[in-house]
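Biologist: Could you walk me through this one slowly? I keep hearing labels, and I'd like to know where they come from.

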Amino acid sequence: MAGNEARSELTDGNTESLLMIQRTAFTVQSFEEQYRSNYVHSTNYEKQKVRIGISKLSLVNFMYQLLPILKWLPAYKLRDYAAGDLMAGLTVGIVCVPQGMAFSLNANLAPVYGLYVSLFPVLVYILMGTSHHLSMGTFAVISIMAANAVEKLLADVDFLALSMDTGGASSADELQQIEWLKAHTALCLLVGIMQVIMGILRLGFVTKYLSTPILRGFTTGAACHVLTSQFKYMFGLEITASPGPLSIAYVYMDILSSLHKSNLAAITVSIVSLIALVTAKEIMQIYKKKFKMPMPIELIVVTGSIVGSHFLKWNEKYRLDILGNVPTGIPGPSLPPIKYFSRLIADAFVIAIVAFVLNISQAIIVASKNNYRVDSNQEFIAYGCGNVVGSFFSCFTACAALARTLILDNTGAKTQLASFIQCLFVLVVLLALGPLFEPLPKITWLVTWSSVTFIGVDIGLLVGVAFAFLLVVIRTQRPKCVMLGHIKNTEIYKEISTYDQCEPLSGFKIFQMRASLYFANADYFKDKLVEMTTINPYDISEKQNKQDDRNTNVSVTKRKSKNVISENIGVNESRCKGIDPEAVDLEGGTQEGPIHTLVIDCGFFSFLDSVGVTTLDDVINRYSAINVTVVLANCKETVLNTLESQTFFEEHSKDRCFPSLHDAIIIRQKQHEKDILDKYSNIFESEVQAEEACIEATAN
């Protein structure tokens, strides 16, 4: 490698070509001066003050952000999207009615309230949501969590005594339903307010910490809880859910101990429904190219169950539980009781987070499959507004459902217009067709498998995120560190221990830590630097200090001129041999000779904190004390900005930083050669002066 030229041989099979690269080598300083349009030169490298103009968001842009429907609805492709949205909306509509009623039972409320949740929050999400396929409404996990919160709130209320106080005008069950509904609406409002605040505070960034394994694990864990909540209906059993960790284990224990009480009709209907669903899905998968539209198997199963239950009298003949009374009409708005806020705030916070993660995990997975993106902050606001509005219309906390979202995706939905079709269907049911669903058996089908199974969804989410953070911390605390070498005739620098043709450069050590430098790994960084470069500036500097102390005790006046001359002659001999007399002879160093430059590859530094900056400053000063120059290569803008903000460049020149490893090597080679010439020039001048002094002394 000569000058700033590099040659690279490109091999493809038996074809070999030669790539010539020739350009000027840069420091960060010279690169910015030449190419950065807004660069302000400062000889003292003072902190640059960047004025950021903050423009107010126009009303139009604000409305587009707040109501994404204003973007996608005008661009709606009627011919391409309408059929899929119509079929998907109708299918989900007919599914969400029995599902909403069943999940309302999980919340310990009458079935009709599940229909309200399937209407009002969904309408809000259509206007404000960014997912094309997310199906808002009821969800078993959130229903159960909300029921547990309300149960704790009202555990001490004696509804029988209250009924007696009314003179028997209202039964204890009626009073309990009224108070449960009030508590649910208060919880729903509180959850909604929290979600809106989190969205305004831009806390959607937390999704960055929800890796794909966490999202998929969490959704499958929630699915397992959904499945568990439906087993009692599938077997026709009366099982009470147990709150808290290991609740799912207790439910299965209760189911196993009650299997002898199972309803054969319920089991038969469940098995037939599952076989129909799975078979239809497999047929569609095999012959998906022949079908222009997905088969609405869910619609067929629900319709068949209603017809069979109505005409064959399953409830009367086989004691098969059905949904029962479904009143018509929609509720008027009413203010939820704020008095419960203080006692529900902790549960509301947990439910707000869990519901958000459930929603956003589904939204991200489906969006990735269909090649579009969702805005996590806007999703927070959309979920919150849906719950706030729903709380005024007798709704409990809303959440997207795994099964319905998958149905929307699998049956060809393209936009949230499918959810609007669903709302129309639910509205028709509420206004007129509710009684038709009364004979529908309580069953719900499988959706996905599970992960967060035994300790509960809320704690399971916490454990999953905590474990992910723990892995990140461990990996960044003790990241992999390597020494880099140069591949001859190229601009390429690779790990020496991995590439046979990669060789160390004479006079250089190139160190790379594959993580950001911050407080947790700063000491590890310095330890690995000393270990892998075989240069310990702390020990060497101590030896030099002791030597300097000994030298100061020797009187200069006792040095005779002939000794000065012989010393300088020794220096000349060293120079003739090509050895730098000022360089440190390092114990355990490489065979290439004394090290004059340590290059720290900052390519993996995505950020630095104040401790990281202090660590670099200490390393530079320590190695400088033993005549080893430390330079920083592959410096990103974020790293440079942090160094500037931490006043790093007030003490160290910005010419110490380089945009690439190759620039650092080229320029440091030239600088070192110049330093050697300057040193020898000074030595030569001192020799001449000493010789002249000797001659003059002899003459005298």
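This is a predicted model: local features need pLDDT of at least 70, side-chain atom pairs count only at pLDDT 80 or more; totals for chains, interfaces and linings use all residues.

Biologist: Why is Phe-120 called buried?

Modeller: Phe-120 has a relative accessibility of 11%. Buried means under 20% relative accessible area, exposed over 50% and partly exposed in between, with a 1.4 Å probe and protein chains only. So Phe-120 counts as buried.

Biologist: What makes the pair of Phe-120 and Phe-393 stacked or tilted?

Modeller: Rings of Phe, Tyr and Trp (its six-membered ring) pair if their centres lie within 6.5 Å; planes under 30 degrees apart are stacked, over 60 edge-to-face, the rest tilted. Here the centres are 4.4 Å apart and the planes at 15 degrees, so Phe-120 and Phe-393 are stacked. Phe-120 sits in helix H6 and Phe-393 in the loop between helix H16 and helix H17, so the pair ties together parts 273 residues apart in sequence. By the way, helices (H or I, at least four residues) and strands (E, at least two) are DSSP runs, numbered from the N terminus.

Biologist: And why do Tyr-518 and Phe-607 get their label?

Modeller: Their ring centres are 5.8 Å apart and their planes at 55 degrees, so that pair is tilted. Tyr-518 and Phe-607 are 89 residues apart, so to speak distant parts of the chain that get linked.

Biologist: Which of those two is buried, and which partly exposed?

Modeller: Tyr-518, at 12% relative accessibility, counts as buried, while Phe-607, at 39%, counts as partly exposed.

Biologist: How do you know that H7 is largely enclosed by the rest of the structure?

Modeller: Count its residues: 11 of the 14 are buried, so H7 is largely enclosed. Among them are Val-141, Met-145 and Leu-153.

Biologist: What about E7: how many of its residues are buried?

Modeller: Five of its five. Thr-597, Val-599 and Asp-601 are buried on one side, Leu-598 and Ile-600 on the other.

Biologist: And what makes E6 and E7 a pair?

Modeller: Two strands pair if DSSP finds at least two bridges between them. E6 and E7 are joined by five, and they run parallel.

Key: Residues are numbered from 1 along each chain as its sequence is written. Side-chain values use heavy atoms; hydrogens and water are left out.
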